[in-house]
Amino acid sequence: MDLQIDGAAVARCRDLAAAIARPVEEFIGSHSTVSVERAVLRLLGVDGVGHDDAPTPNLIVEAAAPQALPRGIGITFGRALAQTGLEPRTLGDALAAQSLGLEQFSDVPEEAARAVVLAKARSALDRIAGRRAERAEMLERLAQGPTPLLYVIVASGNIYEDRIAAVAAAEAGAQIIAVIRSTGQSLLDFVPFGATTEGFGGTYATQANFQIMRQALDETSERLGRYVMLTNYASGLCMPEIAVMAALERLDMLLNDSMYGILFRDINMKRTFIDQHFSRMLNAFSGIIINTGEDNYLTTADAVEQAPAVLASQFINEEFAHRAGLPEEQIGLGDAYEINPDLEDGFLLQVAQAQLARQVFPKAPLKYMPPTKHMTGNIFKGHLIDAMFNLTSVMTHQTIHLCGMLTEAIHTPFLGDRALSLDNARYIMRTARHLGDEIAIRPGGRIERRAHEVLSQCETLLQGIAERGLMHEIEAGRFADVSRSPDGGRGFGGVFERGADYWNPFEEILTHAATG
């Protein structure tokens with residue numbers, strides 16, 4: 001079931017996305033953020049909390065002298081490591097308790113600091129490589145089954161209750177479990193510590209919570225004979241730190257978008273672009289599949305009108321991901337079944353959009369999101385709309401399929417809703433597994449004309465963004481009808497210019513590894 005699309009237009013769109021990303025990447029290369037520096041500390045082994053339960057990485061970065069941070073926290077912390085001979089966790093605790101101060105070690109030779117930090121950095125990356133190898137071995141031994149992979153959310157606020165729900169969902173057929181984050185966590189400029197039992201509309205993303213859920217799903221995978229993937233969210237002010245925790249605890253997917261936090265959480269765009277780059281470098285190395293958030297455009301603006309912007313965002317997200325070292329197989333670009341169900345031939349438009357994305361990004365593990373915007377209290381109609389979404393997904397060969405809930409517009413889904421949703425999806429995907437291989441799209445018909453229209457308008461949109469600049473176009477409300485200022489939003493104070501002698505040991509190692 002292939003569309004006849006203009007390959008030259010697709011190539012031009014990719015060239016335009018590269019032109020759009022290039023000046024942003026130049027900005028990224030000359031700046032860092034407090035969250036990137038905290039991620040460096042976490043990778044080196046710093047963890048825990050200090051006074052007032054403030055995370056130790058935050059306390060150390062805040063204690064670094066203003067003139068020291070532009071060099072990168074690696075040198076400053078490395079001097080203390082070299083002089084004291086302490087392990088990073090122990091040294092971090094001492095610095096957080098203020099029994100030691102970073103200023104005490106300013107005379108330690110830089111060569112000694114670099115040597116000890118590089119050794120710790122390589123050890124950390126070896127550990128992450130080991131976790132990646134574990135995943136590969138389990139996927140080889142415990143095959144997941146055919147795509148689309150059925151993705152279900154659990155989110156009670158209590159990680160122990162989430163663990164029970166996740167196991168039950170896996171037993172009911174879910175292949176991917178996502179623990180949605182507590183409302184507002186993306187706006188916190190720190191990562192909570194330890195296991196959590198209270199949240200708001202979700203459960204806090206912490207390393208302990210990641211560990212609890214990973215262990216439960218591994219045990220379930222062994223029992224069911226198929227690997228169950230784990231997903232969480234790395235968007236927000238702590239994107240690089242969450243990427244670190246996810247790599248260490250072997251998560252399989254992370255929601256990681258280059259623009260989501262800017263548009264939908266009012267996080268400063270400069271902070272976001274820097275943070276997404278470093279976090280994606282870590283995702284690339286750890287084998288984590290990213291999920292982008294283009295589906296959110298369609299919940300705030302009209303899905304038909306925004307289709308070209310969705311495709312444009314997919315091109316831009318792909319380009320930023322490649323620049324961070326992610327191969328196509330780890331770039332889970334987002335889309336959603338959000339066209340008004342009362343629109344005549346809306347199903348044909350949905351198929352056009354989904355099939356267009358499938359052909360433009362043939363190796364990407366596309367993530368297809370369910371209808372939410374137009375769901376109502378009529379659970380029977382909602383269940384039917386979800387069935388049409390399921391049919392579109394299987395016939396256009398989507399990869400990651402977030403199951404829709406018949407109670408979407410009423411309340412947070414309970415397990416019974418998930419069981420019905422999974423049953424719906426499994427039925428449709430079993431009975432129509434090879435439908436897309438058996439039918440042809442009529443040349444010049446409604447579906448093909450719609451795909452041509454979206455691609456053409458996408459190219460025009462990308463051309464304008466390339467001419468005027470991505471930051472300018474975000475401010476102009478080009479995406480999802482949302483306007484954000486380059487120097488506004490949350491977290492801008494955490495952006496700083498790199499000094500001429502700035503050093504990030506992990507960036508250095510990962511860049512060298514990516515370029516051979």
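**View 1. Where helix H15 meets helix H16.** His 383, Asp 386, Ala 387, Asn 390, Leu 391, Ser 393 and Val 394 of H15 are in contact with Leu 420, Ser 421, Asn 424, Ala 425, Ile 428 and Met 429 of H16. Contact means heavy atoms within 4.5 Å. These contact residues comprise seven nonpolar, five polar and one charged. Here Ala, Val, Leu, Ile, Met, Phe, Trp, Tyr, Cys and Pro count as nonpolar, Asp, Glu, Lys and Arg as charged, and the others, Gly among them, as polar. The model is predicted: local features need pLDDT of at least 70, side-chain atom pairs count only at pLDDT 80 or more, and totals for chains, interfaces and linings use all residues. Residues are numbered from 1 along each chain as its sequence is written, and side-chain values use heavy atoms, with hydrogens and water left out.

**View 2. The crossing of H15 and H16.** H15 covers residues 379-395 and H16 covers residues 415-431; they pack at an angle of about 40 degrees, with axes 9 Å apart. H15 is therefore oblique to H16. Angles under 35 degrees count as roughly parallel, over 145 as roughly antiparallel, 65 to 115 as roughly perpendicular and the rest as oblique. Axes are lines fitted to C-alpha atoms, for helices over the stretch in contact, and angles run from 0 to 180 degrees between N-to-C directions. Helices (H or I, at least four residues) and strands (E, at least two) are DSSP runs, numbered from the N terminus. The crossing of this pair is right-handed. A crossing is right-handed if the near helix is turned clockwise from the far one by less than a right angle, and left-handed if anticlockwise.

**View 3. Helix H1 against helix H11.** The axes of H1 (residues 7-29) and H11 (residues 269-286) cross at roughly 80 degrees and come within 10 Å. The two helices are therefore roughly perpendicular to each other. From H1, the contact takes in Val 24, Glu 25, Phe 27 and Ile 28; from H11, it takes in Lys 270, Phe 273, Ile 274, Gln 276 and His 277. The residues of this contact divide into five nonpolar, two polar and two charged.

View 4. Glu 241 sits in helix H9 (residues 239-248). Glu 241 is buried, at 0% relative accessible area. Buried means under 20% relative accessible area, exposed over 50%, and partly exposed in between (1.4 Å probe, protein chains only). A polar contact of 2.8 Å links the side chains of Glu 241 and Arg 42. A polar contact is a pair of N or O atoms within 3.5 Å; within protein, one must be able to donate a hydrogen and the other to accept it, and residues adjacent in sequence count only if both atoms are side-chain atoms. Not counting residues up to four places away in sequence, Glu 241 touches Ser 35, Arg 38, Ala 39, Arg 42, Pro 57, Asn 58 and Val 191.

**View 5. Tyr 260 in helix H10.** H10 covers residues 260-265 and includes Tyr 260. Tyr 260 is buried, with 15% relative accessible area. The side chain of Tyr 260 makes a polar contact of 3.0 Å with that of Arg 265. Neighbours within four places in sequence aside, Tyr 260 contacts Ser 235, Arg 265 and Asn 296. Glu 294 is 34 residues from Tyr 260 in sequence, yet 7.8 Å away in space, C-alpha to C-alpha.

**View 6. Gln 207 in helix H8.** Gln 207 belongs to H8 (residues 207-224). Gln 207 is buried, at 18% relative accessible area. Beyond four places in sequence, Gln 207 meets Asp 47, Met 245, Leu 248 and Glu 249.

View 7. The peptide bond from Thr 147 to Pro 148 is cis, with omega near 0 degrees. Pro 148 lies in the loop between helix H6 (110-141) and strand E2 (149-154). Asp 53 is a residue other than glycine with a positive phi, near 60 degrees. The loop between helix H2 (34-44) and helix H3 (56-63) holds Asp 53, which is exposed at 60% relative accessibility. Arg 250 has a positive phi too, near 55 degrees. Arg 250 falls in the loop between H9 and strand E5 (253-255). At 3% relative accessibility, Arg 250 is buried.
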